[in-house]
Amino acid sequence: MNPLRFMAAGLLSMCGSIAGVAWAQEPEDLAQVRAELAEVEAHFNERARACHQKLYVTACRQGVQAERSQALQPIQARLRAIEAAVRAERAENRRAQIRQRQHEHEARVGASEASAPLPVVNPAESK
């Protein structure tokens with residue numbers, strides 16, 4: 001196995017965790033697209049390194065970069081679409097949790113007090 005593939009996959013996983021992607025609940029499509037992205041990145045990194053063996057390194061690297069951009073566009077578009085769907089699903093789950101808690105609060109407090117909105121606490125003022 002190519003060590004660059006592992007490095008690229010590791011880099012992508014770090015970027016994904018920084019971006020807040022829920023790895024525990026990651027759809028298979030997302031993992032598949034990330035693997036495909038890592039594979040394409042590794043392929044073009046290898047081709048860019050091969051350019052150093054040629055006389056016209058800059059022209060070769062520019063050509064590889066242009067091909068890389070073309071190849072990555074559809075993959076990155078799919079990745080963005082899947083990540084947007086994951087974010088939307090997480091947001092909807094969070095809204096459902098909030099609605100559930102609100103209903104539980106209303107049931108505990110009663111209908112008369114539940115009509116008043118819950119107080120909003122500004123963390124900056126509580127210090």
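## Helix α3, end to end

In this predicted model, helix α3 runs through residues 57-109, a total of 53 residues.

After α3 comes glycine 110, which has a positive phi near 105°.

## The buried side of α3

Which residues of α3 are buried? Among them are Cys60, Val64, Leu72, Ile75, Leu79, Ile82 and Val86. Glu83 and His105 are on the list too. The buried residues of this helix pack against α2, which covers residues 28-50.

Side chains of opposite charge can pair when their charged atoms come close. How many salt bridges does a search of the whole structure find? There are six.

One of them joins arginine 34 to glutamate 83, with N and O 2.6 Å apart. Arginine 34 sits in helix α2 and glutamate 83 in helix α3, 49 residues apart. Both residues are buried. Another salt bridge pairs arginine 78 with glutamate 36, again with closest N and O atoms 2.6 Å apart. Arginine 78 belongs to α3 and glutamate 36 to α2, so this pair ties together parts 42 residues apart in sequence. Arginine 78 is partly exposed at 37% relative accessibility, and glutamate 36 is partly exposed at 30%.

With Arg95, they form a network of salt bridges. Arginine 99 is partly exposed, with a relative accessible area of 42%, and glutamate 92 is partly exposed at 34%.

Key. Residues are numbered from 1 along each chain as its sequence is written. This is a predicted model: local features need pLDDT of at least 70, side-chain atom pairs count only at pLDDT 80 or more; totals for chains, interfaces and linings use all residues. Side-chain values use heavy atoms; hydrogens and water are left out. Helices (H or I, at least four residues) and strands (E, at least two) are DSSP runs, numbered from the N terminus. The expected span of a helix is 1.5 Å times one less than its number of residues. Buried means under 20% relative accessible area, exposed over 50%, partly exposed in between (1.4 Å probe, protein chains only). Contact means heavy atoms within 4.5 Å. A salt bridge is a side-chain nitrogen of Lys or Arg within 4 Å of a carboxyl oxygen of Asp or Glu.
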